[in-house]
Amino acid sequence: MKDLFPGYFRRTEQEWKALWDGATIVLDTNFLLDLYRYSEGTRKEILELLYSIRERLFIPYHVAYEVMKDRLTVISEQGKAYEQAITTLQRIDSDFNNNKRHPFIEPSLLQQLNELIKNLVGDLEVGKKSFDELLTKDPIIDEISDLFEGRVGDQFDVTTLDKLYLEGEERYKSSCPPGYKDNAKPIPDKFGDFVIWKQIISFAQDRKCSIIFITSDSKEDWWWIFQGKTIGPRHELVKEIKAEANVDFHIYSPNSFIQHSAQYLQSSVEQKVIDEVKEISNQPKETLVQSVTVSEFDDLENDISEENVSILPEADFSESDGIQPSIMNPSIEDARGLMIRAMKLFIKQNKKNIVPKAGLKTLMTRLDPTFDESNFGCNSFSQFLGKFPNDVITLDNYSGGHIALATKLFS
């Protein structure tokens, strides 16, 4: 039955070893563009791993095209993300140094916070400058170009592409993978994944080699997902490439590929690198900031870390998390919903029911820029919180002003 239904059966250890011993390793666009999003140390380790298996690497022409087309956009987005992070830190610094609003913070802790923010802002400014320089002098694309010299597939001609677009339209109507989740995009962008897939098959036919495909795309038009659990590649893809090229096929996420490379390729990559790769792969790309060295955090007292003064990053909540009260006539119930949503985001991030008042207001304002406690007849944010005695609990045993969600809501 395995021959009739390839993709439905779990490989044996011998079959896994044979795949890793002989397969060509194909990288998707997002894997290469993520090199711009990693910290310098992580990027260096990933490139070292790729160079160690250079002879086995390949990218379809359309992947190379997308990298060249989109890299400046990624660089620009990273620069903007740095600017947003700097602005957030400066706003926090301003909030915590307003004695009228934060009269209970100990001066020594406030001084530590000021130094921490100063160091973080300085580090971020250095990072932003390095990204701005990439617009005109880009050593990352030079590395990619060198790595894949002679390892880029052939370009499909216009006639072939036109036929593929027609085929893609028919496949998308029946949700035939890959690419149909991009159907809302304009032509030809909607067919990018489908063209990459066809170029992979063409390469496999020519070289008679199995394929390991690395992508951070987690959509169901590449992956077989059952009840929220990713089982493996879509069995339709395994069957199609088997029928067209008589080769085996498997997909890995970037972090999973790196983990398995330690077993099958005897590579050595630190766990912190794998963790960063996983985080970058899973986050919305436009909000990512290259990792910043923040060892200064380790030296702060527990009170500062519990205050979570760095606030949640933009990527930790989606547009659906925002509350949209009426700007002309704000409702106290809408404000209550906004407050609870912001508190739950903090709790999810910190894994404990402790929320700093100052950080809560900052996050509420980010979720809804129209929020202002004065709209509800309050002279202070603490007075605003006092309107919800059944929802929030004041914590007297934490410095700086903290609250918690009532138990009935926390659960």
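**Reading burial and charge pairs**

Q: Is lysine 185 buried or exposed, or something in between?

A: Lysine 185 is partly exposed, with a relative accessible area of 42%. The model is a predicted one.

Q: With which residue does lysine 185 form a salt bridge?

A: Side chains of opposite charge can pair when their charged atoms come close. Here the partner is aspartate 182, and the closest N and O atoms are 3.8 Å apart. Aspartate 182 has a relative accessible area of 8%, so this residue is buried.

Q: How many salt bridges are there?

A: The count comes to 21. One of them joins aspartate 248 to arginine 11, with 2.7 Å between the closest N and O atoms. This pair links distant parts of the chain, its members being 237 residues apart. Aspartate 248 sits in the loop between helix H9 (235-245) and strand E6 (249-252), while arginine 11 lies in the segment before H1. Arginine 11 counts as buried because its relative accessibility is 17%; aspartate 248, at 26%, is partly exposed.

Q: Which salt bridges share partners?

A: Glu167, Arg171, Lys198 and Glu240 are joined into one network in this way. Within it, glutamate 240 and lysine 198 meet at 3.4 Å, N to O. Glutamate 240 belongs to helix H9 and lysine 198 to helix H8 (residues 192-207), 42 residues apart. Both of these residues are buried.

Q: Which side chain of opposite charge is nearest to aspartate 221?

A: It is lysine 219, 4.6 Å away. Aspartate 221 is buried and has no salt bridge. Its place is the loop between strand E3 (211-214) and strand E4 (223-226). The side chain of aspartate 221 does reach the backbone nitrogen of lysine 181, at 3.1 Å. Residues that aspartate 221 touches include Pro177, Tyr180, Arg234 and Leu237.

Q: Which residues form a nonpolar patch on the surface?

A: Met1, Leu4, Phe5, Tyr8 and Phe9 do, with about 560 Å² of accessible area together. Phenylalanine 5 is in the segment before helix H1 (13-22). At 39% relative accessibility, phenylalanine 5 is partly exposed.

Q: How many helices and strands are in the protein chain?

A: The chain has 16 helices and nine strands. Of its 411 residues, 48% are buried. Its accessible surface is about 21400 Å², 49% of which belongs to carbon and sulfur atoms.

Terms used
Residues numbered from 1 in each chain as written. Predicted model: local features only at pLDDT ≥ 70, side-chain atom pairs only at ≥ 80, totals over all residues. Heavy atoms only, no water. Patch = residues over 30% accessible without salt bridge, like charges linked within 9 Å, V, L, I, M, F, W, Y side chains within 5 Å. Areas by Shrake-Rupley, 256 points an atom, 1.4 Å probe, with all protein chains shown as cover. Salt bridge = Lys/Arg side-chain N within 4 Å of Asp/Glu carboxyl O. Helix = DSSP H or I, 4+ residues; strand = E, 2+ residues; numbered from the N terminus. Buried < 20%, exposed > 50% of the residue type's maximum accessible area, 1.4 Å probe, protein only. Lys, Arg positive; Asp, Glu negative; His and termini not counted. Polar contact = N/O pair within 3.5 Å; in protein donor to acceptor, adjacent residues only side chain to side chain. Contact = heavy atoms within 4.5 Å. Lists of a residue's contacts leave out its neighbours within four places in sequence.
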